[in-house]
Amino acid sequence: MTMRRLQWVALFGLVIALALPPMAAAQAGDTFKAKCAMCHGADGSGKAAMGTKDLGSADIQKMSDADLTGAISKGKGKMPAYTGKLTDTQISGLVAYIRTLKK
């Protein structure tokens, strides 16, 4: 490969690397809106009438990623299990999204 072509490949790789995290965050936000917001609210603050938790609260935020992943995957209390309904990548994205809801 010529030096010029290598420069283009490197530039393309950099652009892709910079674009992927925001795209993943946007996808997680879309998944949250589609699967979680109806019970936890658009901002994740929960709905008292449904007894759902505020995902930005200290109680939720202190949970480990593994605990959050388990709650989403297997369900907890009235919350349904999402294994088979969401991919592992989507569930990981939701955990990361929940971390952005800190109060």
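In which hand of crossing does α4 pass α5? The views below take up that question and a few others. This is a predicted model, in which local features need pLDDT of at least 70, side-chain atom pairs count only at pLDDT 80 or more, and totals for chains, interfaces and linings use all residues. Residues are numbered from 1 along each chain as its sequence is written, and side-chain values use heavy atoms, with hydrogens and water left out.

**View 1. The chain holds five helices and zero strands.** Helices (H or I, at least four residues) and strands (E, at least two) are DSSP runs, numbered from the N terminus. Followed along the sequence, the pattern reads α-α-α-α-α. Of the 103 residues, 27% are buried (under 20% relative accessible area, with exposed meaning over 50% and partly exposed in between; 1.4 Å probe, protein chains only).

**View 2. Helix α4 (residues 65-74) packs with helix α5 (residues 88-99).** To return to the opening question, α4 passes α5 in a right-handed crossing; that is, the near helix is turned clockwise from the far one by less than a right angle. Their axes lie 10 Å apart at an angle of about 120°. Such axes are lines fitted to C-alpha atoms, for helices over the stretch in contact, and angles run from 0 to 180 degrees between N-to-C directions. The two helices are therefore oblique to each other, the class left after under 35 degrees (roughly parallel), over 145 (roughly antiparallel) and 65 to 115 (roughly perpendicular).

**View 3. Here are the residues where α4 and α5 meet.** From α4 come D65, L68, T69, I72 and S73, and from α5 come I91, L94, V95, I98 and R99. By class, this contact (heavy atoms within 4.5 Å) has six nonpolar, two polar and two charged residues.

**View 4. Look next at the buried residues of α4, which are L68, A71, I72 and S73.** Their cover includes α3 and α5.

**View 5. A58 lies in helix α3 (residues 58-61).** Is A58 buried or exposed? With 61% relative accessibility, A58 counts as exposed. A58 and K103 are 45 residues apart in sequence, yet their C-alpha atoms are 7.8 Å apart in space. Across the chain, 45% of the contacts between residues at least 6 apart in sequence join residues at least 24 apart.

Conventions: Nonpolar A, V, L, I, M, F, W, Y, C, P; charged D, E, K, R; others polar.
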